[in-house]
Amino acid sequence: DFWQEYTERWHELRQGALSIGNMHAFVDELAAQIAESQERNFNRWGAVRPNGGQFARGQTGWRGEVEHMKGWLQARVRFIDSLFLPAPTFSQQGGSVVEGFEFSINAESGRVVYTTDGTDPRLPGGARSPDSRRAGRRAIVVNETVEVTARAINGSIWSAPTGAVFVVGGDLADASNLAVSEILYRPPILSPAELAAGFTDRDEFEFLELINIGPRSIDLRDVSFVDGVKFDFRGGAITSLNPGGRVLVVSNRAAFEMRYGTDLSGLIAGEFADDTKLSNDGEQVTLVGAGGEVIRDFTFNDVPPWPEAADGGGFSLVLVAPLTNPDHGDPGSWRASTTVGGNPGSSDHAPFMGDPDADQDLDGLSAFLEHALGSDDTDPASGPQRYGATVQRLELEGVAPDDYLLLNYRRNLAADDVIYLVEVSPDLVTWNSGTGIVEYLSEVHQGDGTSIVTYRSSTPIGGAEGEVAHYIRLRVAGR
């Protein structure tokens, strides 16, 4: 089986790192780094001028050298390809299909054998699986979701496998329907009971949660985490998700079940593979789907403007309003969970209900604003103290000390249906917000489902011609 593993490793690399497109892109990236300096280099060392080569496709000079390298690499991997029995190809590489869909599997050499249950048509040692079928001239009919694995065989020589998932009545997971909805990268400290049970490391309680944000069920068998942590859903306990459904990937199943109970066990697809863990300092997380297509690729962090409560406080990172498919790389798309330990398998979002313009306690704050602030619209004393503006002298890096307008407000962390906007105005008529106008300073979790958020004006309130009137306010809007 060593030669077979060698064959399959080469095939795997050719679909990813050693694909022609990837190699060409890598050469172009390196060439771009020295494109400006290469001319000075060849002027200095004139005896060795760039001249292209056999694979330069008629180009000369510097561009010819780059094209020659790309062409040589392409020719080399294709020569190595010729040493192996080519893997079969599908007339359609899986995807969402209607009941009764027909496809074929073809091979350049040898005959094709395949399975429709995700198992390997080749048994260890080289025998053919009794569950496999031989592909003939007749098309293969799909009446239900199937995972097809095919190989070519010529005598005793087997090709690498080719796989495809055909989904009936649903979709393959992609960036339009699958989101990473929660990350617990620094769990709470261990309890005495957890220590007594033999657990010693907080990392054992880490988890990631994904949610189907699409309108139809999705198949996860082509989905895998490849950066941050490692996990392949093809071998997982959960391979599909209904609309709105959630699935968990955990560091240690036994640890998770001790802390959160076994009611969530049915949502666990599996454990992080290859002893991978989530970094306490933040890191890149990459989730890929069919054909290596990137579903999510982002880097979370443990410093502002990312929620600091998730770093050491035991709170999780929660994706705000995941059904809107927010940018996972934007720290504003994330918040801390309302409670320590997060809320795996569910949401802690508490939507506003009622008339947004109502003011039952007659304190001048609308019911929707009180929802945003986490106050009570039936208690006139609960709302007004939840926000305020001050003038504070700040010494910013590289800038002389000066006076800035500061605004702090309570944020209801469960109010994912609220957009918070801090705005400034010189005249109470024109209001502006955004980077360069206001700057985020801090957010401090209060442990009661709210946080205190502080912003400052980007410019000092004192102008070159004396004091200039500035005003600052909080405006909330529905998402």
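Ile 20, Met 23, His 24, Val 27, Asp 28, Ala 31, Ile 34, Ala 35, Gln 38 and Phe 42 in helix H2 meet Trp 62, Arg 63, Val 66, Met 69, Lys 70, Leu 73, Gln 74, Val 77 and Arg 78 in helix H3. By class, this contact of H2 with H3 has 12 nonpolar, three polar and four charged residues. Keep in mind as you look around that this is a predicted model.

How do the two helices lie against each other? The axes of H2 (residues 20-44) and H3 (residues 61-81) come within 9 Å and cross at roughly 155 degrees. Angles over 145 degrees count as roughly antiparallel, so H2 is roughly antiparallel to H3. Their crossing is right-handed.

Some of the charged residues in this contact also turn up in a network of salt bridges. It links Asp 28, Arg 57, Arg 63, Glu 67 and Lys 70. Of these, Asp 28 is on the H2 side of the helix contact, while Arg 63 and Lys 70 are on the H3 side.

Now let us turn to salt bridges elsewhere in the model, where the count comes to 27. One of them joins the side chains of Glu 8 and Arg 151, with 2.7 Å from N to O. Glu 8 lies in helix H1 (residues 2-15) and Arg 151 in strand S8 (residues 146-154), so this pair ties together parts that are 143 residues apart in sequence. Are the two partners buried or exposed? Glu 8 counts as partly exposed, at 23% relative accessibility, whereas Arg 151 is buried, with a relative accessible area of 1%.

The side chains of Glu 147 and Arg 221 meet at 3.8 Å, N to O. Glu 147 is in S8, and Arg 221 sits in the loop between strand S14 (218-219) and strand S15 (224-227), so that the pair links distant parts of the chain, 74 residues apart. Glu 147 counts as buried at 6% relative accessibility, and Arg 221 is buried as well, with a relative accessible area of 15%.

For a last stop, find Glu 443 and Arg 411. They form a salt bridge whose closest N and O atoms are 3.4 Å apart. Glu 443 belongs to strand S27 (residues 438-445) and Arg 411 to strand S25 (residues 402-412), so here the parts tied together are 32 residues apart in sequence. Both Glu 443 and Arg 411 are buried.

Key
Residues numbered from 1 in each chain as written. Predicted model: local features only at pLDDT ≥ 70, side-chain atom pairs only at ≥ 80, totals over all residues. Heavy atoms only, no water. Salt bridge = Lys/Arg side-chain N within 4 Å of Asp/Glu carboxyl O. Helix = DSSP H or I, 4+ residues; strand = E, 2+ residues; numbered from the N terminus. Buried < 20%, exposed > 50% of the residue type's maximum accessible area, 1.4 Å probe, protein only. Axes fitted to C-alpha atoms, helices over the stretch in contact; angles between N-to-C directions. Parallel < 35°, antiparallel > 145°, perpendicular 65-115°, else oblique. Left-handed = near helix turned anticlockwise from the far one by under 90°. Contact = heavy atoms within 4.5 Å. Nonpolar A, V, L, I, M, F, W, Y, C, P; charged D, E, K, R; others polar.
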